Amino acid sequence: MQPRRPPSAQRRPNPVFSDEYRAIREAVVAGRKRLGMSQAKVAAALGKAASHVAMIERGQRRVDALELYAIAELLAPDPMAFLADIADRLTAVRGGAMVAPAPAVVLDEMVDDFHHGEPPGGAGEAAADRSGDQLAPGSTMGGSR
């Protein structure tokens, strides 16, 4: 018989089974069903094994930010609307309390910065922090094209 762990060493519940992750899983299921796609077709479109999406939807697999965005691009004509729906679901789960700025707004700003070639934090801050590591027009990181 194994010794019992002290209360401070008890395992915490797996966050994948939290109400917040359930809200994300439900958004993925709703988006997939709205398009009439099977789990296997979604997985194939993402370049994953057939069981990958099933495991996400059952709560057996976490989804990181990049994968969630790829899923959003696949399941919605406007990925930002899909992510905004998730933000709304999370706000509802949390009882309407917003813990941080709306994720869709923050993500919009990050995407805008990316599309405009600005590093995180804006071009002004990055330029002030990096003196002399600017690339000459037409050059690449490797030095040749």
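In which hand, right or left, does α1 pass α5? The crossing is right-handed. The model is a predicted one.

**Stop one: α1 and α5.** Select residues 19-34, which form helix α1, and residues 79-93, which form helix α5. Two packed helices are described by the angle between their axes and by the distance between those axes. Here the angle is about 145°, and the axes are 9 Å apart.

Now show the side chains where the two helices meet. On the α1 side, pick Asp19, Glu20, Ala23, Ile24, Glu26, Ala27, Val28, Ala30, Gly31 and Arg34. On the α5 side, pick Phe82, Asp85, Ile86, Arg89, Leu90 and Val93. Sorted by class, the contact of α1 with α5 consists of 9 nonpolar, 6 charged and 1 polar residues.

Helix α1 counts 16 residues, and from its first C-alpha to its last it reaches 22 Å, close to the 22 Å expected at 1.5 Å a residue. Colour its buried residues: Ala23, Ile24, Arg25, Ala27, Val28, Gly31 and Arg32. Then step past the end of the helix to Gly36, which follows α1 and has a positive phi, near 70°.

**Stop three: α1 and α4.** The axes of α1 and α4 cross at roughly 30° and come within 9 Å. Because angles under 35 degrees count as roughly parallel, α1 is roughly parallel to α4. The crossing of α1 past α4 is left-handed. Residues to display are Ile24, Val28, Gly31, Arg32 and Arg34 from α1, together with Leu68, Ile71 and Leu75 from α4. By class, this contact of α1 with α4 has 5 nonpolar, 2 charged and 1 polar residues.

**Stop four: Arg32.** Centre the view on Arg32, which lies in helix α1. Is Arg32 buried or exposed? Arg32 has a relative accessible area of 10%, so it is buried; the cut-off for buried is under 20%. To see what touches Arg32, leave out its neighbours within four places in sequence and select Met37, Ser38, Gln39, Val42, Val53, Glu57 and Leu75. Leu75 was also picked at the previous stop, as one of the α4 residues that make the contact with α1.

Technical notes. Residues numbered from 1 in each chain as written. Predicted model: local features only at pLDDT ≥ 70, side-chain atom pairs only at ≥ 80, totals over all residues. Heavy atoms only, no water. Axes fitted to C-alpha atoms, helices over the stretch in contact; angles between N-to-C directions. Helix = DSSP H or I, 4+ residues; strand = E, 2+ residues; numbered from the N terminus. Left-handed = near helix turned anticlockwise from the far one by under 90°. Contact = heavy atoms within 4.5 Å. Nonpolar A, V, L, I, M, F, W, Y, C, P; charged D, E, K, R; others polar. Buried < 20%, exposed > 50% of the residue type's maximum accessible area, 1.4 Å probe, protein only. Expected span 1.5 Å × (residues − 1). Parallel < 35°, antiparallel > 145°, perpendicular 65-115°, else oblique.
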